[in-house]
Amino acid sequence: MKILLDPGHGGDSLGTLRGKIPEKDINLKVSLMLYEALKGLTWVNLTRFKDENLSLRERLKVANDFKPDILISIHHNASEEETKFYSEVYTSWSLVSPSYDLGYFLQNEICKVFPDRDFRVLPSKFTVLKAKAKIKVLTELFFAEEMDDKLMETEVGILKNAIINVINVGFAREMDLYRSFGRYSQPKGYLTTNFGRGINKLKSGKWAVVLGDGRLFWDAVELVNRIGGKLYHFGMSVQPSQFATAMKMVKAGFKRVIFLRYGEQYVRFYHTSKESEILGEMVSKALNYPLGYSSSYIVIHPDGIRLEIITKDLNVELLADVINHSGI
């Protein structure tokens with residue numbers, strides 16, 4: 001078993017400065033501590049052992065030369081907003097991946113120490129996650145501004161335990177839906193579904209669900225699973241151009257579009273048809289969100305239904321029920 005640790009930033013790339021020391025130094029110290037904790041158990045290496053400039057291309061080269069089974073890029077979070085601390089793990093963009101196994105083992109370990117901490121596992125197109133590895137994640141388990149020596153030791157213990165757990169269970173097969181979507185992929189409080197039966201709905205259907213922010217990823221997947229259709233994406237951490245996404249949707253012929261954004265609760269309908277207004281009113285009433293109208297070209301089709309839902313906490317089951325019984 002080969003593990004590669006990638007301390008984020010370094011050299012001129014400082015990372016966030018909101019902590020007592022630059023993020024690059026926190027990333028390196030945690031990585032070196034984890035290296036020491038793992039090196040007697042498995043074959044482990046780092047992309048950098050000191051404070052130095054290391055481009056994303058150089059990191060990929062190190063990873064592809066080393067050929068790790070597990071790649072962990074270690075970062076620490078920051079936010080310009082006043083928000084409580086939370087934890088995030090990013091995986092490569094995929095609906096089915098053994099990387100989710102490690103992500104949710106990390107969640108389990110964090111919840112043992114911080115049971116009330118919010119935790120997200122999100123898909124991403126970060127460059128480092130393009131490396132050739134069976135399991136690859138980028139971690140932002142803690143915010144730089146909350147880090148001290150004690151929390152660094154705690155983080156190393158969390159990472160070590162999660163790595164040992166994922167090694168012991170072995171890797172999920174690429175299309176093993178119950179391993180990648182069933183056992184580990186749904187955080188506490190999220191709806192669970194038999195994805196083995198529902199996954200084929202991602203390939204066809206009359207609805208398109210557009211993900212505008214990675215924080216709503218699981219809501220978008222669950223919604224598509226419940227109403228049929230196809231998932232498209234642009235937004236936080238998943239950033240193909242909106243124009244490219246729009247062209248794909250037009251080519252696919254979707255006229256019924258739901259756009260999910262993250263933010264304060266709101267429903268907007270786009271005046272492409274009377275049906276947009278009717279459905280908007282139904283959704284607004286069911287979810288108890290304010291309703292408004294927009295003339296923006298945002299979602300993509302010259303006619304048909306275009307609905308935008310802005311939320312931080314979506315009741316997917318209720319929304320799907322409204323859609324499925326709307327007759328639209």
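This is a predicted model: local features need pLDDT of at least 70, side-chain atom pairs count only at pLDDT 80 or more; totals for chains, interfaces and linings use all residues.
Two packed helices are described by the angle between their axes and the distance between the axes. In the packing of helix α1 (residues 23-38) against helix α4 (residues 149-169), the axes come within 9 Å and cross at roughly 50 degrees. Angles of 65 to 115 degrees count as roughly perpendicular and those under 35 degrees as roughly parallel; α1 and α4 are therefore oblique to each other. The crossing of α1 past α4 is right-handed. On the α1 side, the contact is formed by I26, K29, V30, M33, L34, A37 and L38. These residues meet D149, M152, E153, E155, V156, L159, K160 and I163 of α4. Sorted by class, this contact has ten nonpolar and five charged residues, with no polar residue.

Helix α10 (residues 316-324) takes part in a packing with helix α7 (residues 217-227), in which the angle is about 35 degrees and the axes lie 10 Å apart. The crossing of α7 past α10 is right-handed. From α7, the residues D219, E222, L223, R226 and I227 take part in the contact. Their partners in α10 are V316, E317, L319, A320, I323 and N324. The contact of α7 with α10 comprises six nonpolar residues, four charged residues and one polar residue.

Helix α10 also packs with helix α9 (residues 274-287), at an angle of about 145 degrees and with the axes 10 Å apart. Here again a right-handed crossing is found, with α9 passing α10. The residues M282, V283, A286 and L287 of α9 meet L318, L319 and V322 of α10. By class, seven nonpolar residues make up the contact of α9 with α10, which has no polar and no charged residues. Residue L319 of α10 is listed in the contact with α7 and also in the contact with α9.

The structure holds one cavity of 30 Å³ or more. The space within the largest cavity amounts to about 30 Å³. The residues that line the largest cavity are L4, D6, T47, R59, L60, A63, L71, V128 and A131. Two elements, β1 (2-7) and α2 (56-66), each give two or more residues to this lining. Of the elements concerned, α2 gives the most, with three residues. By class, the lining of the largest cavity consists of six nonpolar residues, two charged residues and one polar residue.

Methods: Residues are numbered from 1 along each chain as its sequence is written. Side-chain values use heavy atoms; hydrogens and water are left out. Axes are lines fitted to C-alpha atoms, for helices over the stretch in contact, and angles run from 0 to 180 degrees between N-to-C directions. Helices (H or I, at least four residues) and strands (E, at least two) are DSSP runs, numbered from the N terminus. A crossing is left-handed if the near helix is turned anticlockwise from the far one by less than a right angle, and right-handed if clockwise. Contact means heavy atoms within 4.5 Å. Ala, Val, Leu, Ile, Met, Phe, Trp, Tyr, Cys and Pro count as nonpolar, Asp, Glu, Lys and Arg as charged, and the others, Gly among them, as polar. On a 1 Å grid over the protein atoms alone, a cavity is a set of points where a 1.4 Å probe fits but cannot get out, and a pocket is an open set with protein on both sides within 12 Å along at least five of seven lines; lining residues have an atom within 4 Å of a point. Grid points are joined across faces, edges and corners, and a volume is the space filled by probe spheres set on the points. Angles under 35 degrees count as roughly parallel, over 145 as roughly antiparallel, 65 to 115 as roughly perpendicular and the rest as oblique.
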